[in-house]
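Please look over the structure below. This report covers its ligand shell, a few helix contacts and some individual residues.

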Amino acid sequence: MNDLAAPIRFEAKDFKSDVKPIWCPGCGDFGVLAALTRALAQLGRPAEQVAVVSGIGCSSRLPAYTTAYGFHGVHGRALPIATGLKLARPELEVIAVGGDGDGYSIGGNHFLHACRRNVDIPYIVMDNRVYGMTKGQPSPTTEPDWESELSPEGTGLRPFNPMALAVAAGATFVARGFTGDPNGLAKLMVDAIRWRGFALLEVLSPCPTFRPEQKEWKETVHPGPAVPIEDPARAAAALLEDDGFGVGVFFRGPQRGDKPHLCAATTLAEIEREFTL
Ligand code: SF4
């Protein structure tokens, strides 16, 4: 039986709040919200057992649109907040979300160390290769030749490769999804949320307002590896050659618990016992 055929106790609408999204018409983040509520229904845990944590940006508004607990954090700080919450309340399903500007620029250092610590949380990054909320500046994943009023000749800078970096830094599940494939995206979210360890799910989430050419992504995406690569060196090499549009699970390493020495289990109670005077 595959994951999406499992018995369903909840429906996607059970995880949609009454707050109306203020995203622009056609924003890819609507597709992420739809896929996430579908994935949460599939996972079968009630909303009060789920917490969605974000930073700042258009996509970081997402927690308000779900019925799960939400924390709209500080710019770039979704991962340390989510890490602290998971440490204090390990029984909660803690999900970190955000955008490329938030997560890979000001939040870049937290991103690397969440990978290194193999924190047991999924990180869903809505990547549109632009800062949308602040009117269209190039982000860390923007193509070097993308011209805008704010970057008239392009940045000339090599884009950040978050998936290769995640593998190199110690993440154990690295995948890419696309908002134009809601069923496939929901399935990837289920896999990322169930993963025991740090799971990066990069989502191609178009910004039609500042990057209207991204409407063509539906013609550009293609299947990624037929099976996930399990060797990190091979996965990182494949991701360095990747064109940025392959969809699927690229890397799957050992889960937490399979190799305890890679990721010692630590709870708040254990830390308190260790430091009791
Ligand atoms: Fe979405 Fe772009 Fe509008 Fe932000 S500016 S809500 S990313 S379409």
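A residue is near a molecule when one of its heavy atoms lies within 4 Å of it. By that rule, the ligand is surrounded by Trp-23, Cys-24, Cys-27, Cys-58, Asn-128, Gly-132, Cys-207, Pro-208, Thr-209 and Phe-210. Seven residues of this shell are nonpolar, three are polar and none is charged. Here Ala, Val, Leu, Ile, Met, Phe, Trp, Tyr, Cys and Pro count as nonpolar, Asp, Glu, Lys and Arg as charged, and the others, Gly among them, as polar.

The model is predicted: local features need pLDDT of at least 70 and side-chain atom pairs pLDDT 80 or more, while totals for chains, interfaces and linings use all residues. Numbering starts from 1 along each chain as its sequence is written, and side-chain values use heavy atoms, without hydrogens or water.

Helices (H or I, at least four residues) and strands (E, at least two) are DSSP runs, numbered from the N terminus. Axes are lines fitted to C-alpha atoms, for helices over the stretch in contact, and angles run from 0 to 180 degrees between N-to-C directions.

| Helix pair | Axes come within | Crossing angle |
|---|---|---|
| Helix 5 (residues 162-169) and helix 8 (residues 232-241) | 8 Å | roughly 165 degrees |
| Helix 4 (residues 108-117) and helix 5 | 8 Å | roughly 45 degrees |

The angle with helix 8 makes helix 5 roughly antiparallel to helix 8. Helix 4 is oblique to helix 5. Angles under 35 degrees count as roughly parallel, over 145 as roughly antiparallel, 65 to 115 as roughly perpendicular and the rest as oblique.

Helix 5 and helix 8 cross in a left-handed sense. Their contact (heavy atoms within 4.5 Å) uses Met-163, Ala-164 and Val-167 of helix 5. From helix 8 come Pro-232, Ala-235, Ala-236, Leu-239 and Leu-240. Eight residues of this contact are nonpolar, with no polar and no charged ones.

Helix 4 passes helix 5 in a right-handed crossing. A crossing is left-handed if the near helix is turned anticlockwise from the far one by less than a right angle, and right-handed if clockwise. Phe-111, Leu-112, Cys-115 and Arg-116 of helix 4 meet Pro-162, Leu-165, Ala-166 and Ala-169 of helix 5. This contact has seven nonpolar residues, no polar and one charged.

Which residues of helix 5 are buried? They are Pro-162, Met-163, Ala-164, Ala-166 and Val-167. Buried means under 20% relative accessible area, exposed over 50%, and partly exposed in between (1.4 Å probe, protein chains only). The buried residues of helix 5 pack against helix 3 (100-106), helix 4, strand 5 (173-178), strand 6 (199-204), helix 8 and strand 8 (246-252). Just after helix 5, Gly-170 has a positive phi of about 120 degrees.

**Single residues**

Phe-250 sits in strand 8. Phe-250 counts as buried because its relative accessibility is 5%. Beyond four places in sequence, Phe-250 touches a set of residues that includes Met-163, Ala-235 and Leu-239.

Asn-118 lies in the loop between helix 4 and strand 4 (122-127). Its phi is near 50 degrees, a positive value in a residue other than glycine. Asn-118 is buried, at 4% relative accessible area.

Arg-129 belongs to the loop between strand 4 and helix 5. The phi of Arg-129 is near 60 degrees, positive in a residue other than glycine. Arg-129 is buried, at 11% relative accessible area.
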